[in-house]
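Visitor: I am new to reading protein models. Could you walk me through a few features, one at a time?

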Amino acid sequence: MQALTSRPGVSRIIASVPAATRTTGKLVPISQSSSSRRPQIACAATLGLDQIPLEALAAGGVVLAGFIGAISVQMQQQSQTSEGGAVLANAAGASEVAPPPPPPPPRENAVLVLGATGRLGRRVVAKLLAAGRTVVAGCRSLDKAQDVLLGSGEGRMGLQEGFQDEERSAERGILFLEQVDITNPESLERPGLWDGVQQVVLTVGTVFGPLPEGGFGVLDGMTSERVEAQGISSLVSILPKVLPKKANRTSNLVLPMDTAEQLAVWQKLDDVIMGGASDSGLEVAPEGAGVTGAVWRGNLVVQGGGFCGTRTRKLDLNLGDQDGVHLRLLGDGQTFKLNIKTIDQEEIPESTYQATFDTDAGQWTDVYLPWHNFVPVKRAQSDPDGLPLDPARISKLGLVLSRFEFNKMPNPDYKAGPFELLIDGGIRSYRDVRPQLVMISSAGVERNAIIGDDAVRRAADIPIVQLNPNGTLNHKYTAEIAVRSSGYPYSVVRSTGMIDSSEGGPYLLQAEQGDDIVGQISRDEVAECLAMAVNMPEATGKTFELRRNEAAESKGKRPMGQWDYVRLFLKLALDKHRWRVGLHPMPRAVPPPPPVTEERRKEIVAQVAIIRGQQQPTATAVAPQPGAGDGANGASVLSKATPQPAADAETVKEKVNAKETVEVRA
C-alpha cells in the first residue's frame, strides 16, 4: 500500500496495483463466486470514491474515468461469459431430460380394511392384495402401518405401497395407507379416506397392553364398548354420506334374440342326429306375445332319442366379471337345460357344461343360473374330474329339452309332445350383490345374549361365556346388530378360538349357524375366509360361526379352494330366513353381566388348563367341564394373570418407551 497526501496532516491509502495494470487500465480478478458468478476484483473491492485523494480527482479525472471504465468493461465481459456458460449448461441438460414419473396407481373398487395393523387385519390386507384387489389399509398410526405392513421380518407382511410388483400390474393388488380412528367420527369422515372405496372389512377390537403404572390393561381407553359397540355403530351412521350402496343385482343383455338376423346365429340340434324324430326351431316372438324376443317351440318324441336342442355358432364371450346367466321366460312347467361350451372344449366332442332350470306354466319367470350351477358333462355323463366352468372363455350357448336330467336319470318335469318357451329379449348375464360390510366377530355372542342374567346357565356354558371379560361378547353383539341393521349388504364371521399355529394342516373349514359349535382356527384361515367373503355373493346377508374341521378326512389333505368356499357359504341360510330352516331368530341385545370374582376367574382359567392338558383336575375347578375343544373357543382370552378380550382377540407387539406393548384386537 502507498500513501497519497492531499494536504498537510491528511493522508489516504490506495491499494497497490501492478504496474502493467496501472499503465493499461486492465484489472485482474482474484476470485469468482460459484453461486452468484459475479467477478470480485481487488481494486474494486478496496477502492472507493471516498478513498480517492482530492488532488487525484482534480488533476487526474481522465485517468480515473479510464480506470473505472476498465473495471466496468471487465465485469460486463465476465458476466456475459458466465451467463453464456449457464445457457450452454442448460442446453446440455435439456438433451438429457429425465422421463416423467409414472402416474399414480388407480384407486378404484377398493376395500377399506379397518384395524389393518392387527394380527388378523394385516393378514386380511395381504390376502386381498393376493386376490388382485385394491386395498386401503386404515390404521390409527401410519408409522406402525409402515412397520407392520411394509416391513420385513417376523410378524411383518413385506408389502409395498402402490403396485405390488415392478411391472405395476393391478392383478397383484394395489395398497394405500390411510390414518383413521374408528372411535373418532371426524376421522371417519375425513376427505379422501373414502376415495374409490366400495367395501369395508372390520377387524377392529379392544387394544390391550402394559400400562404405564404397571400391570396389563386397556390402552388409550380403547375398550370393546368404545371400539366395537360405539365405533362400529358410529361408522354405520355415516356410511350413507361416504359409501354408495350397492344392494341390487344388475343384468346385461349379451345375446339379443328379437330379430331374424340375430336368430341366424342359432342352429338346430335335435335328436334326429342320432335317429330320433323330435323337431324344434327358434322364431321371432309374435306381436301378440307382449315382449320382444324369441319363441322356441317344437315337438318332443321320446322314441329314438328324446331331446330337442338349439345351439349358437362360435361366440367367444368373456363373462368373467359376471356371476351367471339371467333368462326371463314364459314356459309350460317343464325343466329345461342351458348348455355352455367353452373354448377349451371346442375340439372335444360331446363335452359341455349343463345347468337345469324350471318354468312355471303360464307365468313369467326370472331364472338366474350362477356359474357354479353348471356341471361338466362328457358323453351325457357328469364328469367328476372336470374343471369348474371358466366364464371368461365361453364359446357357444345352447338350449335343451330332454327326457333325461344327468347320467341318464329321468327328468322329473318333462312331457312328450308339443312345447313352447318364450324368451324375453335374449340371453343376459348378471352380477350379484356382494357384501359391502364384512365383520369379524366371536362365537359365543349369540348364546351369551340368550343367557342374559341367568347365572346358572352361564356357569354351565363354555369358558369364554362364563368369563365374558369386560362385557366383550355383549359389545361385539351390539356391533353385529348395527351391521345387520345398516341396510348395506353384509357378512358377519364369528370365529371360534383364534390361534397362530397351522400344525397338522391344511384343514378344511366348517361353518354353522345358531352359535352352538366350539373349536379353534388359525388367523391365516380366518383372514382367507374374510377375503373370500368380500369377493363372493354367496356370503351376502349371512352370519355364521367358523372353525377348523379336525375330522380325519378333513385335515392334512388339501387347503380350501374357491369351490370349497362356494359350498361353505351356499349351505348357510340368509339371516332373514333363519326360522325357515329351523333356527331361532337373532336374540335381542342385553346388558353385560356383572364381572366374575377373582376366585371364579381362577376356576374358569383352571378349566381351560385342564382342557389344554396343562394340569390335572383339582377340587377348585368346580364349574362343569365343557367338551373337548371348548378351551380353544376362549383360549386366547383366558390367562392365569388377568382377563383378556374375547375368543377371537389377537395380539400385536410394538416397542413403546423401551417396553413391549401388546395390542389385543378382535
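Visitor: Let's start with Q164: is Q164 buried or exposed?

Guide: The general idea is to look at the relative accessible area, where buried means under 20%. In this predicted model, Q164 has a value of 15%, so Q164 is buried.

Visitor: Now E420, please. Why does E420 count as partly exposed?

Guide: Partly exposed is the class in between buried, under 20%, and exposed, over 50%. E420 has a relative accessible area of 40%, so E420 is partly exposed. You can find E420 in strand β24 (residues 417-424).

Visitor: How far apart are E420 and D332, in sequence and in space?

Guide: E420 and D332 are 88 residues apart in sequence, while their C-alpha atoms are 6.7 Å apart in space. D332 is also one of the residues that E420 touches, and V295, W296 and L330 are among the others. With R297, the side chain of E420 makes a polar contact, side chain to side chain, at 3.0 Å.

Visitor: What about two helices: at what angle do α5 and α14 pack?

Guide: With helices, you compare the directions of their axes. Helix α5 (residues 121-130) and helix α14 (residues 523-535) pack at about 50°, with axes 8 Å apart. The two helices are therefore oblique to each other, and α5 passes α14 in a right-handed crossing. On the α5 side, the contact is made by R123, V124, K127 and L128, and the α14 residues include R523, D524 and A527. By class, this contact has six nonpolar, no polar and five charged residues.

Visitor: Finally, how many helices and strands does the whole protein have?

Guide: The protein comes to 17 helices and 33 strands. Of its 666 residues, 49% count as buried.

Terms used: Residues are numbered from 1 along each chain as its sequence is written. This is a predicted model: local features need pLDDT of at least 70, side-chain atom pairs count only at pLDDT 80 or more; totals for chains, interfaces and linings use all residues. Side-chain values use heavy atoms; hydrogens and water are left out. Axes are lines fitted to C-alpha atoms, for helices over the stretch in contact, and angles run from 0 to 180 degrees between N-to-C directions. Helices (H or I, at least four residues) and strands (E, at least two) are DSSP runs, numbered from the N terminus. Angles under 35 degrees count as roughly parallel, over 145 as roughly antiparallel, 65 to 115 as roughly perpendicular and the rest as oblique. A crossing is left-handed if the near helix is turned anticlockwise from the far one by less than a right angle, and right-handed if clockwise. Contact means heavy atoms within 4.5 Å. Ala, Val, Leu, Ile, Met, Phe, Trp, Tyr, Cys and Pro count as nonpolar, Asp, Glu, Lys and Arg as charged, and the others, Gly among them, as polar. Buried means under 20% relative accessible area, exposed over 50%, partly exposed in between (1.4 Å probe, protein chains only). A polar contact is a pair of N or O atoms within 3.5 Å; within protein, one must be able to donate a hydrogen and the other to accept it, and residues adjacent in sequence count only if both atoms are side-chain atoms. Lists of a residue's contacts leave out its neighbours within four places in sequence.
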